[in-house]
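This briefing goes through the fold, the overall dimensions, the surface and one selected residue. Please keep the structure in view while reading.

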Amino acid sequence: MRAVYLPTYSPERNPDEHVWEEIKDKQLRRQPIKNNRDLKKRLHSALKSLQHRTERVISFFHLPETRYAAQF
């Protein structure tokens with residue numbers, strides 16, 4: 001196991017942030033959200049869709065700023 005120092009605020013180095021960026025920018029886009037239930041339904045659907053796109057998820061770990069996470 002290896003510890004990696006990350007700056008206090010560095011969302012670009014967090015692969016999870018790239019997942020949310022994918023969901024917000026590429027899947028939900030500018031679709032109007034009617035209520036909390038609608039938001040939950042759309043998020044669940046978008047995450048389920050991304051879950052089946054393994055190559056896309058893996059690509060988040062091959063970005064220059066997140067490559068460190070692929071070593072573990």
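This is a predicted model: local features need pLDDT of at least 70, side-chain atom pairs count only at pLDDT 80 or more; totals for chains, interfaces and linings use all residues.

**Fold and dimensions**
- The protein chain holds three helices and zero strands, and read from the N terminus its elements follow the order α-α-α.
- The radius of gyration of the protein chain is 15 Å, whereas a compact globule of 72 residues would have a value near 11 Å.
- Taken along its principal axes, the C-alpha trace of the protein chain extends over about 45 × 25 × 20 Å.

**Burial and contacts**
- Of the 72 residues in the protein chain, 21% are buried.
- When contacts in the protein chain are limited to residues at least 6 apart in sequence, 57% of them join residues at least 24 apart.

**Charge**
- The protein chain carries 15 positive and 9 negative side chains, and the centres of these two sets lie 7 Å apart.

**Glu-55**
- Glu-55 is located in helix H3, which covers residues 54-59.
- Glu-55 counts as exposed because its relative accessibility is 57%, the cut-off for that class being over 50%.

Technical notes. Residues are numbered from 1 along each chain as its sequence is written. Side-chain values use heavy atoms; hydrogens and water are left out. Helices (H or I, at least four residues) and strands (E, at least two) are DSSP runs, numbered from the N terminus. The radius of gyration is taken over C-alpha atoms; the globule rule is 2.2 Å times the number of residues to the power 0.38. Buried means under 20% relative accessible area, exposed over 50%, partly exposed in between (1.4 Å probe, protein chains only). Contact means heavy atoms within 4.5 Å. Lys and Arg count as positive and Asp and Glu as negative; His and the chain ends are not counted. The place of a charge is taken as NZ of Lys, CZ of Arg, CG of Asp or CD of Glu.
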